[in-house]
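Colleague: Please take a close look at the charged side chains in this model and how they pair up. I'd enjoy a connected walk through them.

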Amino acid sequence: MQVSMASAQGVGVVNEDTVHASPTGVVLLDGLSAPKDLPMGCIHGTPWFVRQLGTSLLNLIGDNGVTLREALRAAISEVNDLHRGTCALDGDAVPASTVAMIREREDVLDYLVLSDNVLVLDLGDEGVRTVTDKRVERVAGEEMRAALRGPTGTSEHAARVSALVTVQRRLRNRPGGYWVVATDPAAADEAITGTVDLTRVRQAALLTDGASRLVDSFDALSWEQLLDLLGTEGPSALITRTREAELADPVGERWPRFKRSDDATAAHVRFGSGGYMGGGPG
């Protein structure tokens, strides 16, 4: 019946994550960073893109007659219209984002995930279910392994990350590649979607990969422990614990990663009797 949220900037110059909530929905976005040495066809940049997209999505999913896929398709088109006249939207060098969202609709919970955000659902006696899209990890394997080699923070490491992003851009939103939210509305058709009876759901967490890494990258917590931490101390405590782990391994020797600390955003949703979500961000 409550949504609590927190977001913190990583080592970049600006936080490229965003999270939005209403009484019946949550939208979480993680903008894909663009290395400074690579071109960008949009004059507005990734933070602007995710803010516009998040606002549009939250408005669209308020209509229960619109599926989450339809909402995502419409939101991409709406944002395209905002900057079609000023930016080059037909190439690879455009802003992009992952997305995870949930919506309470009558007696069910709808969800959608595209790319590597993580949705964690506590289904009580049925256990914990995680929903994420890891197709990005199955492409550009050689470049990804090189980009994960430390030490982070060096010019050599930054060059390897740029080389990875260059290859990934050519593989985005193409058959045999991986899918993210960018300028092609058809990406919505590739999202993972589902519906769960609200009576089965006790709580949920929506996490960008910078906030899920204590579990899926560092193996420092289980998903159950992460939910316990969110429930007792809140999303800010999860991010603080993540930063402590990152500082203990600043160059990525123990936990190889693309940057010392990533933008981290988490939303925790409590469900009450019958699973209904109420209130707003806390």
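Modeller: Happy to! Let's start with arginine 200, which is partly exposed at 29% relative accessible area (buried means under 20%, exposed over 50%, partly exposed in between, using a 1.4 Å probe and protein chains only). This is a predicted model, in which local features need pLDDT of at least 70 and side-chain atom pairs count only at pLDDT 80 or more, while totals for chains, interfaces and linings use all residues. Residues are numbered from 1 along each chain as its sequence is written, and side-chain values use heavy atoms, without hydrogens and water.

Arginine 200 forms a salt bridge with glutamate 126, their closest N and O atoms lying 2.8 Å apart (a side-chain nitrogen of Lys or Arg within 4 Å of a carboxyl oxygen of Asp or Glu). Distant parts of the chain are linked here, 74 residues apart: glutamate 126 sits in the loop between strands S6 (118–122) and S7 (128–131), arginine 200 in the loop between strands S8 (192–197) and S9 (203–207) (strands are DSSP E runs of at least two residues, helices H or I runs of at least four, numbered from the N terminus).

Now to glutamate 246, which is buried at 2%. Its side chain meets that of arginine 213 in a salt bridge of 2.7 Å, N to O. Glutamate 246 is in helix H7 (residues 235–248) and arginine 213 in helix H5 (residues 209–216), so the pair ties together parts 33 residues apart in sequence. Arginine 213 is buried too, at 7%.

Glutamate 246 also has a salt bridge to arginine 243, at 3.0 Å. Both residues lie in helix H7, 3 residues apart, about one turn, and arginine 243 counts as buried at 17%.

Elsewhere, salt bridges link Arg103, Arg105 and Asp110 in a network.
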